[in-house]
Amino acid sequence: MATELGPTPVKEPASGGTPIHHGPKGVGEDNAIASQGKWASWLLAPTIVALAIVIVYPIISAIVMSFQKDAGLDPVTGLFTEGGPAGFSNYTNWLFQQCAAPGGGTVACPPGTLGSQFWSATGTTFYFTIVTVTLETILGFWMAIIMARTFRGRSLVRAAVLVPWAIPTAVTAQLWLFIFAFEGIGNKLFNTTILWTGSEIPARWAVIIADTWKTTPFMALLILAGLQMIPAEVYEAAKVDGASAWQRFRMITLPLVKPALMVAILFRTLDALRMFDLPYILTEGSNNTTTLSILVVNQIRQGFNSAAALSTITFIIIFMVAFIFVRFLGANVVEQQTGAGKGKK
Amino acid sequence: MKTPKFLLPIATAGVLALTLSACGGGGGGGTTAGGDAEQGLDSRGPITYVQGKDNSNVVRPLIEKWNAAHPDEKVTFKEQTDQADQQHDDLVQNFQAKNANYDVVSVDVVWTAEFAAKGWLQPLKDKMALDTSAMLKPTVESASYKGTLYAAPQNSDGGILYYRKDLVPTAPKTWDEMMSMCSIAKENNIGCFAGQYAKYEGLTVNTSEAINSAGGSVLNAEGKPSLNTPEAKAGLETLTKAYADGSIPKEAITFQEEQGRQAFQNGKLLFHRNWPYVYNLAKTEGSSKVKDVLGMTALVGADGPGASTLGGHSAGMSVYSKNKATALDFLKFLTSEETQKFYATQGSLAPVLGALYDDKELVAKLPYLPVLKTSIENAVPRPVTPFYPAVTKAIQENAYAAIKGEKTVEAALSDMQASIESASAGQ
């Protein structure tokens with residue numbers, strides 16, 4: 001669809017390209033900037049179209065759907081019929097855990113319905129996010145510091161560390177499923193008889209271990225990039241002044257790596273908040289490992305419109321977390337880069 | 001002001017994009033099937049057959065054979081992934097888009113009611129009727145919705161009770177008999193019995209087997225839940241009691257089919273409920289410790305053979321198909337004796353035709369057929385309901401809690417009942 005728009009912008013360069021050679025001051029420059037900007041926006045148009053089709057349209061469509069009732073069954077014909085407008089009932093049903101009652105109206109969702117799992121799934125999602133991101137940050141930092149040193153085989157270590165990150169999550173989950181099986185390698189190796197996927201605490205930690213194993217390298221590399229921006233002279237100066245290793249870490253490394261670290265944490269947090277494949281394959285969401293994304297996917301099979309409402313709620317939750325990060329914790333994904341650009345000029 | 005000028009191209013592009021993409025979107029979940037079901041009943045021409053991954057290479061040879069005989073009505077094979085959930089979602093998307101190229105589709109027995117109620121499957125009646133008299137009754141029931149056949153039973157599957165011939169003198173006939181043999185397991189320091197009790201589809205299978213075998217049922221004839229009954233309670237209690245007293249080993253709460261099979265093959269179980277596929281693996285795999293002592297019998301119930309849960313697939317015809325006369329012929333071809341035999345020998349897929357289970361040639365090849373026949377004859381289809389996804393979740397969630405002892409059997413059953421009632425009440 002985007003290609004159909006191609007011919008129109010092509011006409012523009014004739015008016016837009018030339019004025020640049022005129023004098024550096026006055027009206028000519030304004031015109032040049034204006035037409036350049038116009039030219040640029042024509043060039044951007046195909047991208048905007050593509051984004052509108054793949055992002056804006058689905059989001060709007062999902063929001064529209066979330067205000068429709070799910071199809072109900074006509075008791076006479078046994079066929080599904082359209083549900084009609086729902087107002088905010090899809091949203092309130094999730095938030096207050098209300099389900100349809102057999103005689104009409106709503107009741108508190110009985111255990112066993114998806115509706116009864118909304119708040120526990122929200123709790124689980126945040127639990128996973130907080131624990132995994134904390135673990136990954138600590139381990140990732142440690143790995144990054146090791147990789148930042150110069151030693152023989154450093155590039156080999158850097159490449160090797162990336163292997164878990166490169167494996168598709170579904171495959172990772174399947175691997176860990178074998179490891180955590182009752183007769184699996186995990187129990188054989190440590191001579192234990194833990195039912196990893198059989199009760200809440202081991203099941204949650206199985207997911208956490210697998211997730212940490214997989215995504216710590218990502219953290220490590222982002223932090224490593226930040227570490228390498230710190231000039232060696234700063235450390236040398238500190239050493240001359242007699243700063244201890246701990247002081248150097250706390251007063252130099254931490255503040256200087258903070259921008260990169262915050263971005264890494266932000267990315268990981270947003271990623272962890274929509275965690276799906278790992279718990280879905282490892283535990284099928286049993287023993288309180290159902291995340292919001294798993295709930296959405298399960299709901300899709302039971303009714304699209306209600307699922308659309310749930311994914312909108314999930315979207316809002318993730319958006320709020322991202323907002324808090326950027327606004328209050330200084331994770332400036334965009335400004336950081338433009339700031340650096342200005343500095344160089 | 002220069003901003004409007006800047007925005008103009010972007011705005012134009014954006015509006016255009018939205019209009020274009022809006023054309024592509026359709027309404028969700030519509031059910032105006034009445035007209036579509038009357039279309040194309042007599043027309044013939046090329047059609048497409050849609051099925052999940054053809055692991056044992058049975059579909060391609062069959063289609064080649066059909067195409068050689070029908071040069072003007074060729075069948076094209078559209079292969080989906082090997083994941084059941086993905087196959088389901090792919091079918092839903094294409095039905096919603098009214099894709100005329102999904103003429104004949106393979107549907108899991110548990111999807112039939114949902115697809116039929118959405119108006120996506122052509123009812124196989126009147127002009128489109130299919131002769132089902134030679135088929136095993138439970139397979140026909142599982143392909144029907146509200147008394148109408150909506151798909152042609154294609155292959156079937158039922159549970160088998162595997163046991164250790166060296167330790168069990170005579171195969172048990174009832175649940176209590178089997179439980180009384182658990183002392184043998186204890187003497188040998190192995191687990192007594194296990195099915196699949198991890199929280200997934202397999203738990204629904206095992207739970208409804210337990211309930212049906214005790215004379216109860218998950219849904220009654222009207223499709224309403226009927227779990228607050230003494231029979232259902234007795235059924236679920238067989239599992240909870242056995243798990244509590246250790247007859248079902250603790251680790252069975254993590255078992256899907258494969259983990260259970262591994263445990264049985266490693267000689268760690270006396271009795272094991274699983275599907276027919278286990279037979280070949282347990283007989284031939286090098287690591288199997290039960291190769292020479294593998295016994296098979298029908299599942300056990302309260303006082304006689306248990307009621308297995310039925311698996312398998314049916315072939316449905318899309319209401320949006322343009323060449324329904326050809327599609328019907330293809331369904332007849334898929335259910336013919338010759339094709340069914342080929343399915344059994346080439347793909348180890350259990351036939352739907354009763355007569356084939358007594359076919360000497362076939363039994364020599366697949367020794368589990370007589371046991372499987374008893375199993376399927378006594379089988380009960382999994383709850384036939386258009387709300388199956390919600391029903392299976394309700395069963396899994398509550399049966400899992402009950403087996404682990406986190407909930408009483410009564411509470412689990414009444415929560416199941418309430419969940420299913422709520423799901424079928426619609427929004």
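I looked up V104(B) and found that V104(B) touches I47(B), Y49(B), A315(B), M317(B), A327(B), F330(B) and L331(B), leaving out residues up to four places away in sequence. Here two residues are in contact if their C-beta atoms, placed from the backbone, lie within 7 Å.

A note to myself: this is a predicted model, in which local features need pLDDT of at least 70 and side-chain atom pairs count only at pLDDT 80 or more, while totals for chains, interfaces and linings use all residues. Residues are numbered from 1 along each chain as its sequence is written, and chains are lettered from A in the order in which they are written.

Next I checked the cores. V104(B), L236(B) and L331(B) have the most contacts inside the largest nonpolar core, which has 120 residues. Such a core is a set of buried Ala, Val, Leu, Ile, Met, Phe, Trp, Tyr and Cys residues joined through C-beta atoms within 7 Å; buried means that 20 or more other C-beta atoms lie within 10 Å of a residue's own. Helix α17 (residues 388-403) of chain B gives the most to this core, nine residues; a helix is a DSSP run of H or I, at least four residues, numbered from the N terminus. Domain 1 (20-157 + 314-381) and domain 2 (160-308 + 383-424) of chain B both give residues to this core, so it lies between them. The domain bounds come from an automatic or database domain assignment.

Last, I looked at chain B as a whole. Buried residues make up 51% of its 427 residues. Among contacts in chain B with a separation of 6 or more, 75% join residues 24 or more positions apart.

Methods: Buried ≥ 20, exposed ≤ 12 C-beta atoms within 10 Å, placed from the backbone. Helix = DSSP H or I, 4+ residues; strand = E, 2+ residues; numbered from the N terminus.
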